[in-house]
Amino acid sequence: MTSSRPEQGIVDAHHHVWDLSVRDQDWITGPELAPLRRDFTLADLRPKARAAEVTATVLVQTITVAEETPEFLVLAASSDLVCGVVGWTDLTAPDVADALAGLREGPGGEYLVGIRHQVQGEPDPRWLVRPDVLRGLTAVAEAGLVYDLVVKPHQLGAAAEAAARLPELVFALDHLGKPPIAYGELEPWAEEIRRFAALPNTVCKLSGLVTEADWGSWTTQDLKPYADTVLDAFGPDRLMFGSDWPVCRLAADYAEVIATARQLTDRLAPAERHQVFTGTATRTYGLTVTGPPGLQETPCA
């Protein structure tokens with residue numbers, strides 16, 4: 001019988017914070033996103049995380065501003081919750097390798113575990129396989145970092161091509177590649193997911209589902225075909241949980257997101273669920289996760 005809580009010491013592999021007095025989040029526009037137009041801090045997240053048995057998190061960039069990543073690294077260094085940062089740098093810059101080295105050598109640099117760019121906003125669907133971008137991705141690999149992918153379904157083909165060209169780089173797909181859950185459509189998204197997952201240097205985050213569904217009326221059953229698709233394509237040892245807090249608040253609170261993820265993984269054995277909720281993230285990003293007594297620590301990169 002599957003335990004209801006086999007994933008002691010949960011890693012939340014994807015969340016954000018921002019302080020609007022430090023920097024505007026110019027993507028938060030219009031009445032639908034109005035609930036996000038306020039500060040969200042680690043102090044806000046910490047009690048929610050602790051109540052949900054989350055013992056470690058990965059803080060992910062929000063905007064393409066170079067100053068944000070050093071700030072996040074300093075924040076991680078002073079935090080008892082954040083164990084890794086996925087930051088941003090300009091992949092197309094000639095000095096991208098130097099920029100990555102500067103981040104690693106600066107305050108909190110040991111917490112840098114990955115890089116991300118808002119590829120979803122690029123008008124070129126093949127942006128990821130442009131020569132200048134591939135050169136930047138090569139620098140990410142050489143720095144020993146992961147590349148987080150935030151793409152839409154029509155960009156998954158280029159993501160798979162980039163991953164095939166750079167087998168030395170681990171590509172972590174955020175939010176399942178943003179499937180059209182609100183419309184109940186599986187194809188061609190599912191076919192593209194299987195193509196991407198066939199590459200051994202790819203992993204996927206079980207994150208962002210509730211905000212791709214209908215915010216006001218979604219059910220766990222609406223999400224299940226998409227979760228099952230990635231579970232079958234990647235397997236539990238290449239799938240990791242992420243809350244996408246506070247963006248998830250548009251459709252569900254933190255506790256509800258975790259409860260839903262548990263329901264979506266009910267068919268897994270305890271050891272498999274441990275991979276989804278802890279093991280895959282710690283292994284992929286090289287985190288130190290200190291769980292409840294009796295849990296082994298995983299060393300940092």
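Predicted model: local features only at pLDDT ≥ 70, side-chain atom pairs only at ≥ 80, totals over all residues.
Classified by residue type, the lining of the second largest pocket comprises seven nonpolar, three polar and four charged residues.

The largest pocket holds about 680 Å³ of space, and among the 25 residues that line the largest pocket, those closest to its centre are Trp 27, Gln 120, Val 150, Lys 178 and Val 247. The lining of the largest pocket is made up, by class, of nine nonpolar, nine polar and seven charged residues.

Attention was also given to the packing of two helices. Helix α8 (residues 220-234) packs against helix α9 (residues 254-264) at an angle of about 60°, the two axes being 10 Å apart, and α8 is therefore oblique to α9. The crossing in which α8 passes α9 is right-handed. On the side of α8, the contact is made by Thr 220, Leu 223, Lys 224, Ala 227, Asp 228 and Leu 231, whereas α9 contributes Thr 260, Gln 263 and Leu 264. Taken by class, the residues in the contact of α8 with α9 are four nonpolar, three polar and two charged, with Lys 224 and Asp 228 of α8 being among the residues that make the contact.

Technical notes. Residues numbered from 1 in each chain as written. Heavy atoms only, no water. Axes fitted to C-alpha atoms, helices over the stretch in contact; angles between N-to-C directions. Helix = DSSP H or I, 4+ residues; strand = E, 2+ residues; numbered from the N terminus. Parallel < 35°, antiparallel > 145°, perpendicular 65-115°, else oblique. Left-handed = near helix turned anticlockwise from the far one by under 90°. Contact = heavy atoms within 4.5 Å. Nonpolar A, V, L, I, M, F, W, Y, C, P; charged D, E, K, R; others polar. 1 Å grid on protein atoms, 1.4 Å probe; cavity = no way out; pocket = protein on both sides within 12 Å on 5 of 7 lines; lining within 4 Å. Points joined across faces, edges and corners; volume = space filled by probe spheres on them.
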